[in-house]
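Subject: Handover of a protein structure

Dear colleague,

Please find the structure below, together with its sequence.

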Amino acid sequence: MASGSIKYKLTSGANLVSFPFEKQDGGAGWEYNTPAWIQSFFTVTESLTGIIGQSAAASYLTASQQWVGSIDTLDPKNGYWLILKSGSADEEFEITGSTITPDYQRNSTVGGMNLVSYPFLENYPLTTVLNDVSGSDFSQISAQSAAATVVNGNWVGSLTTLTTGSGYWIRNV
């Protein structure tokens, strides 16, 4: 477990991210890792209109100023699509804390596609993070705008580096 900060820069539309932090005091009366806690980092709180996870989602109702849906908390092992209102300004914020242990990925994914977090405070080459391709059950990985797949035991594609604060779709066969 490492301590540090992750800087996020989100744009209008869908943003594939992760929040791989151990449970901590959310501060300012917020419960950690809830949609409202994430929303508290936004300059314009109404910019964040939705959160989509693997088989779960939540939407922000501006009129009642509440979150509704099946996401009550954000699991640090999972990736999420944060949906910013169309035409909203970019949002930048930083979260500081202790990251989760990175070895959970191989043991906690299920067969098929999994929306996972990236639990490191530094960016690393894909081949460094997923170096055991021959013994791995991972065959594909997709980011917000890049992807890679295993061909003849090697990772090939436009995704070459895993990025701090990003979420990923990863196929476990």
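In which strand does isoleucine 52 lie? Isoleucine 52 lies in strand E3. Helices (H or I, at least four residues) and strands (E, at least two) are DSSP runs, numbered from the N terminus.

Please note that this is a predicted model, in which local features need pLDDT of at least 70 and side-chain atom pairs count only at pLDDT 80 or more, while totals for chains, interfaces and linings use all residues. Residues are numbered from 1 along each chain as its sequence is written, and side-chain values use heavy atoms, with hydrogens and water left out.

The chain as a whole

The secondary structure of the chain consists of three helices and 14 strands. The chain has 173 residues, and 40% of them count as buried. Here buried means under 20% relative accessible area, exposed means over 50%, and partly exposed lies in between (1.4 Å probe, protein chains only). The accessible surface of the chain is about 8600 Å², and carbon and sulfur atoms account for 49% of that surface. Accessible areas come from the Shrake-Rupley method with a 1.4 Å probe; for residues, only the protein chains shown count as cover. Of the contacts between residues at least 6 apart in sequence, 67% join residues at least 24 apart. A contact means heavy atoms within 4.5 Å.

Isoleucine 52 is partly exposed, because its relative accessible area is 38%. Leaving out residues up to four places away in sequence, isoleucine 52 touches Ala57, Ile71, Tyr80, Trp81, Ile83 and Leu115. Isoleucine 52 and leucine 16 are 36 residues apart in sequence, and their C-alpha atoms are 9.3 Å apart in space.

Serine 47 is found in the loop between helix H1 (35–39) and strand E3 (48–53). Serine 47 counts as buried because its relative accessibility is 5%. Apart from neighbours within four places in sequence, the contacts of serine 47 are Phe42, Ile83, Leu84, Lys85, Ser88 and Glu91.

How the strands pair

Two strands pair if DSSP finds at least two bridges between them. Strand E4 (residues 56–61) and strand E5 (residues 66–69) are antiparallel and share four bridges. Within this pair, tyrosine 60 stands opposite tryptophan 67 in E5. E4 and E5 form a hairpin with four residues between them.

Strand E14 pairs with strand E8 (residues 112–117) through six bridges, and the two run antiparallel. Methionine 113 has arginine 171 in E14 as its bridge partner. E14 also pairs with strand E10 (residues 138–142), in the antiparallel sense and over four bridges. In this case isoleucine 170 in E14 is the bridge partner of isoleucine 141.

Two residues with a positive phi

Most residues other than glycine have a negative phi. Glutamine 65, in the loop between E4 and E5, has a positive phi near 50° and is not a glycine. Glutamine 65 counts as exposed because its relative accessibility is 56%. Asparagine 152 also has a positive phi, of about 50°, although it is not a glycine. Asparagine 152 is placed in the loop between strand E11 (147–151) and strand E12 (154–157). With a relative accessible area of 75%, asparagine 152 is exposed.

The largest pocket

What is the volume of the largest pocket? The largest pocket has a volume of about 270 Å³. On a 1 Å grid over the protein atoms alone, a pocket is an open set of points where a 1.4 Å probe fits, with protein on both sides within 12 Å along at least five of seven lines; lining residues have an atom within 4 Å of a point. Grid points are joined across faces, edges and corners, and a volume is the space filled by probe spheres set on the points.

The lining of the largest pocket has 19 residues, and Leu16, Gln144, Thr163, Gly165 and Ser166 lie nearest its centre. Strand E1 (3–10), strand E2 (13–18) and strand E14 (167–172) are the elements that give two or more residues to this lining. The largest share, four residues, comes from E1.

Glycine 165 is in the loop between strand E13 (161–162) and E14. Glycine 165 is buried, with a relative accessible area of 5%. Glycine 165 and phenylalanine 19 are 146 residues apart in sequence and 6.4 Å apart in space, C-alpha to C-alpha.

Yours sincerely
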